[in-house]
Amino acid sequence: SSGGAITLSSLDWTDTKGVKDTLDSIFGGEGGIPGKPAFPWLILASDCTYDRSLHSDFINTLAALRDHGSRRDPGRPGCHPCVLYMIHDPRDKETDDALWAAMHKAGLEFELQDSHVFKATVHPRAGDMFLVKVKL
């Protein structure tokens, strides 16, 4: 579209400073970037919710996105709520419980959506996957 831009960036969830730097480069620092929308469309892709050792860094990144300074001014043009739709591929109850507990601890509001929205023809475990709606 006219005036649009696509930014692609790799992101290391375990590098807290790198996450902040990447968010700042996309959205601007605490005050945002003049003339840029406060919150452009953003797609995060990661295969990490199945592994407990990756939860903390991933959830910290979601919290950093939620708390980013450019999003705090609801009067700023382009500032609007963000919703993350996350697909979780459960492996065991302990990992699932650890994920939900870590999200609660970070203050992330989320709800499980229909867990049977995926067809087994897409992936053998697709019928077991959860769609999770997270307010950021």
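This is a predicted model: local features need pLDDT of at least 70, side-chain atom pairs count only at pLDDT 80 or more; totals for chains, interfaces and linings use all residues.
Q: Is His55 buried or exposed?
A: The cut-off to keep in mind is that buried means under 20% relative accessible area. His55 has a relative accessible area of 3%. That is under the cut-off, so His55 is buried.

Q: Which residues does His55 touch, not counting residues up to four places away in sequence?
A: Leave out the residues up to four places away in sequence, and a list of contacts remains. For His55 that list reads Cys48, Thr49, Thr95, Ala98 and Leu99.

Q: Which residues of H2 and H3 make the contact between these helices?
A: His55 is one of the H2 residues in this contact, along with Arg52 and Ile59. From H3 come Glu94, Thr95, Ala98, Leu99, Ala102 and Met103.

Q: How are H2 and H3 set relative to each other, roughly parallel or roughly antiparallel?
A: Two packed helices are described by the angle between their axes and the distance between the axes. Here the axes lie 10 Å apart, with an angle of about 20 degrees, and the crossing is right-handed. Angles under 35 degrees count as roughly parallel. H2 and H3 are therefore roughly parallel.

Q: How many helices and strands does the secondary structure of the chain come to?
A: Time to step back and look at the chain from end to end. Read along the sequence, its pattern is α-α-β-α-β-β. The secondary structure comes to three helices and three strands.

Q: How many bridges pair S1 and S3?
A: S1 and S3 run in the antiparallel sense. Among their pairs, Tyr85 stands opposite Lys133, and His88 has Phe130 as its bridge partner. The number of bridges between S1 and S3 is six.

Q: Over how many bridges do S2 and S3 pair?
A: S3 spans residues 130-135, and its pairing with S2 is antiparallel too. Glu111 has Lys133 as its bridge partner in S3, while Phe110 has Val134. The number of bridges between S2 and S3 is four.

Q: Which residues make up the covered face of S1?
A: In a regular strand the side chains alternate between the two faces of the sheet. On S1, the uncovered face holds Val83, Tyr85 and Ile87. The covered face holds Leu84, Met86 and His88.

Q: Which element gives the most to the largest nonpolar core?
A: This core has 18 residues, and Phe58, Met86, Met103, Leu108, Val134 and Leu136 have the most contacts inside it. The elements giving two or more residues are H1 (16-27), H2 (52-67), S1, H3 and S3. With four residues, the one that gives the most is H2.

Q: What does Leu108 touch, not counting residues up to four places away in sequence?
A: Leu108 is one of the core residues with the most contacts inside the core. Its contacts, without residues up to four places away in sequence, are Ile59, Leu62, Arg66, Met103, Val134 and Leu136.

Q: What distance separates the C-alpha atoms of Leu65 and Leu23?
A: Leu65 is found in helix H2 and counts as buried, at 3% relative accessibility. Leu65 and Leu23 are 42 residues apart along the chain. Their C-alpha atoms are separated by 7.2 Å.

How values were computed:
Residues are numbered from 1 along each chain as its sequence is written. Side-chain values use heavy atoms; hydrogens and water are left out. Two strands pair if DSSP finds at least two bridges between them. A nonpolar core is a set of buried Ala, Val, Leu, Ile, Met, Phe, Trp, Tyr and Cys residues joined through side-chain atoms within 4.5 Å. Buried means under 20% relative accessible area, exposed over 50%, partly exposed in between (1.4 Å probe, protein chains only). Contact means heavy atoms within 4.5 Å. Axes are lines fitted to C-alpha atoms, for helices over the stretch in contact, and angles run from 0 to 180 degrees between N-to-C directions. Angles under 35 degrees count as roughly parallel, over 145 as roughly antiparallel, 65 to 115 as roughly perpendicular and the rest as oblique. A crossing is left-handed if the near helix is turned anticlockwise from the far one by less than a right angle, and right-handed if clockwise.
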